Amino acid sequence: MEIDKAVRECDDSRLKTKYSNAIYVIKRALALYSIQEVALSFNGGKDSTVLLHLLRAGYVLHKAEESSSQDVADGENSFPIRTIYFETPTVFPEINSFTYETAATYNLQMDILRLDFKSGLEALLKANPIRAIFLGVRIGDPTAVGQEQFSPSSPGWPPFMRVNPILDWSYRDVWAFLLVCKVRYCSLYDQGYTSIGSIHDTVPNALLCIRNENNSEQKFRPAYLLADGRLERSGRVKKFSAPVWGKLSSVCNGLKIEDLNSNNMLTASIIAVGDEILKLHSIGWATSLLAVTRNDIDSVAEEVERRKSTNDMVFIYGGVGPLHTDVTIAGVAKAFGVRMAPDEEFEEHLRHLIGEKCTGDKNEMAQLPEGITELLYHEQLPVPLIKCHNVIILTATNVAELDLQWHCLIDSLKSNGDFVLMAPFVSKCLATTLSDVEVAQPLSKLCLQFPDIYIGGYRGSRKGPLMIRFEGKDLSRIEAASQSLSQNFQPGAFSETE
Ligand SMILES: Cc1cc2nc3c(=O)[nH]c(=O)nc-3n(C[C@H](O)[C@H](O)[C@H](O)COP(=O)(O)O)c2cc1C
Ligand SMILES: Nc1ncnc2c1ncn2[C@@H]1O[C@H](COP(=O)(O)OP(=O)(O)OP(=O)(O)O)[C@@H](O)[C@H]1O
Ligand SMILES: [Mg+2]
């Protein structure tokens with residue numbers, strides 16, 4: 001069988017392992033269910049193309065094992081597994097024609113369903129004794145959350161087993177397989193498309209864009225050249241806006257101008273598993289909460305759970321690392337109700353960073369929340385930040401690193417021209433030798449008078465002057481507030497400082 005031969009003869013040991021595991025799953029499924037009871041869900045995408053060829057190989061291998069006397073070569077040309085394709089009006093014409101051409105090339109018995117998935121499957125199962133369906137779902141796909149290689153269909157869906165032979169394959173594995181086996185795939189992948197949905201929500205991946213000299217024409221490199229497979233869905237327009245600094249612009253995942261709250265302000269919670277403080281004001285965001293939580297999974301989960309639904313963005317830091325107290329990532333997973341799973345890309349980073357110094361199991365540290373995690377890279381950051389929906393985990397382990405990570409985050413958002421950049425906060429600081437008691441009452445009144453201005457008082461040192469800080473978005477309001485305060489005292493009682 002040409003697929004089996006191509007993989008066995010290649011020198012990619014990782015692909016060989018992934019291949020063997022997938023073939024094992026397919027063979028077990030074919031041992032459990034008869035050929036009439038299984039179906040392949042094929043849609044012309046890269047993952048289902050991989051699945052088709054794995055099934056072709058797996059079927060031949062299964063037959064060969066089942067009866068060694070049978071002429072195996074006979075099986076090579078026949079592929080008796082029923083194939084189902086849900087055709088929609090919004091499918092790319094290239095995907096549609098590739099699907100039909102593939103069906104003709106491999107002699108597939110293809111049922112074309114023009115209903116939604118659920119109704120289509122109900123009709124299919126009524127008319128056929130199908131008990132298991134092979135899918136090209138991979139960890140990282142939004143629909144993979146909670147799935148195993150064998151997963152019963154969800155409650156409310158017709159009953160069948162979902163068989164996911166490539167669940168643990170990465171983007172890189174998919175392309176290694178397609179290229180090693182030299183099989184045809186849909187032409188859109190050579191035009192920079194990396195994951196394909198409908199014509200309304202899919203564009204070429206901006207990370208593969210190459211411009212000509214005068215910037216007039218855009219071209220895209222092929223999908224297999226995308227270096228970081230985690231970003232394969234960056235071409236899905238609805239979910240990822242302006243992916244210039246691809247990874248970081250997705251920090252703004254799903255946020256639109258209409259989403260701004262009534263104060264025309266975006267809010268973020270900061271959960272510190274530790275005690276440093278971050279500032280969001282330089283990009284115009286208001287900090288709605290700064291919480292410090294205990295180092296245990298439930299405390300972190302509880303805090304994240306509470307904040308993630310009431311804030312546009314939640315930043316969490318501290319508690320990331322190999323110690324028993326490093327519970328942040330597991331806490332975030334718990335808050336989203338997903339389990340932790342090994343992450344190959346992250347493991348690769350840790351291997352580069354800690355290399356031989358690590359005495360424990362690197363796999364332990366490379367566990368991330370399954371199916372919801374995206375890594376946010378920046379050239380100055382040795383370890384990427386971790387993003388789970390609207391929660392960003394800063395991986396810093398000390399103040400200097402935290403500073404750098406925060407700087408990279410803000411810097412990139414700024415240079416990105418991203419729409420979530422709001423008018424920055426402006427501030428003014430007054431110094432006075434007056435005592436706290438003297439200024440306390442006028443300051444309280446001022447806070448009521450100017451609710452849109454943050455007014456705070458502090459001393460740099462015990463005997464130093466009292467500093468009154470005004471912060472807000474409108475400089476004239478800040479001026480008005482500071483004048484209003486000064487009018488309560490002798491001229492010259494306050495002096496402006498940095
Ligand atoms: C063969 C097949 C079986 C599916 N089984 C389920 C299921 O059991 N539970 C479920 O929630 N979704 C199921 N789905 C739907 C997918 O999880 C997912 O919603 C769909 O592939 C997303 O596609 P979209 O991004 O085009 O909406 C199934 C889809 C297919 C094609
Ligand atoms: N319209 C469809 N008809 C049949 N099967 C489908 C359809 N859409 C999705 N599937 C099944 O779900 C799997 C996952 O879909 P997904 O879009 O993630 O992968 P893909 O289309 O194969 O590749 P890509 O990620 O490049 O779009 C497919 O491999 C296929 O098994
Ligand atoms: Mg697809």
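**Salt bridges, burial and a bent helix**

Me: Why is Arg172 called partly exposed?
Reply: Arg172 has a relative accessible area of 36%. Buried means under 20%, exposed means over 50%, and partly exposed is in between (1.4 Å probe, protein chains only). A value of 36% sits in the middle class, so Arg172 is partly exposed.

Me: What kind of model is this, and how are things numbered?
Reply: This is a predicted model, where local features need pLDDT of at least 70 and side-chain atom pairs count only at pLDDT 80 or more, while totals for chains, interfaces and linings use all residues. Residues are numbered from 1 along each chain as its sequence is written, chains are lettered from A and ligands numbered from 1 in the order in which they are written, and side-chain values use heavy atoms, with hydrogens and water left out.

Me: What makes Asp12 and Arg172 a salt bridge?
Reply: The term asks for a side-chain nitrogen of Lys or Arg within 4 Å of a carboxyl oxygen of Asp or Glu. The closest N and O atoms of Asp12 and Arg172 are 2.8 Å apart, so the pair qualifies. Asp12 lies in the loop between helix 1 (2-9) and helix 2 (13-32), and Arg172 in helix 7 (residues 171-181), so the pair ties together parts 160 residues apart in sequence. Helices here are DSSP runs of H or I with at least four residues, strands are runs of E with at least two, and both are numbered from the N terminus.

Me: Is Asp12 buried or exposed?
Reply: Its relative accessible area is 16%, so Asp12 counts as buried. Asp12 and Arg172 also belong to a network of salt bridges that links them with Arg14, Lys18, Asp173 and Glu344. The structure holds 29 salt bridges.

Me: How do you know that Arg114 and Glu87 pair up?
Reply: Their closest N and O atoms are 3.3 Å apart, which makes them a salt bridge. The two come from distant parts of the chain, 27 residues apart: Arg114 is in the loop between strand 3 (110-113) and helix 6 (117-127), and Glu87 in the loop between strand 2 (82-86) and helix 5 (93-105). Arg114 counts as exposed at 59% relative accessibility, whereas Glu87 is buried at 14%.

Me: What makes Asp452 and Arg477 a salt bridge?
Reply: The closest N and O atoms of this pair are 2.9 Å apart, so they pass the cut-off. Asp452 lies in the loop between helix 14 and strand 18 and Arg477 in helix 15, so parts 25 residues apart in sequence are tied together. Asp452 is partly exposed at 38%, and Arg477 is partly exposed at 28%.

Me: How do you know what span to expect of helix 14?
Reply: The expected span is 1.5 Å times one less than the number of residues. Helix 14 (residues 436-449) has 14 residues and reaches 20 Å from its first C-alpha to its last, close to the 20 Å expected.

Me: Where does helix 14 bend, and what does "bend" stand for?
Reply: Helix 14 bends by about 25° at Pro442. The bend at a residue is the angle between axes fitted to the seven residues ending there and the seven starting there.

Me: What do the buried residues of helix 14 pack against?
Reply: Those residues are Val439, Pro442, Leu443 and Leu446. They pack against strand 18 (454-459), strand 19 (466-472), helix 15 (475-486) and strand 20 (494-497), with contact meaning heavy atoms within 4.5 Å.

Me: What makes Leu179, Tyr224 and Leu225 a patch?
Reply: Patches take residues with over 30% relative accessible area and no salt bridge, joining like charges within 9 Å and nonpolar side chains (Val, Leu, Ile, Met, Phe, Trp, Tyr) within 5 Å. Leu225 has 40% relative accessibility, so it clears the area cut-off and counts as partly exposed. Together the three form a nonpolar surface patch with about 250 Å² of accessible area (Shrake-Rupley method, 1.4 Å probe, only the protein chains shown counting as cover for residues).
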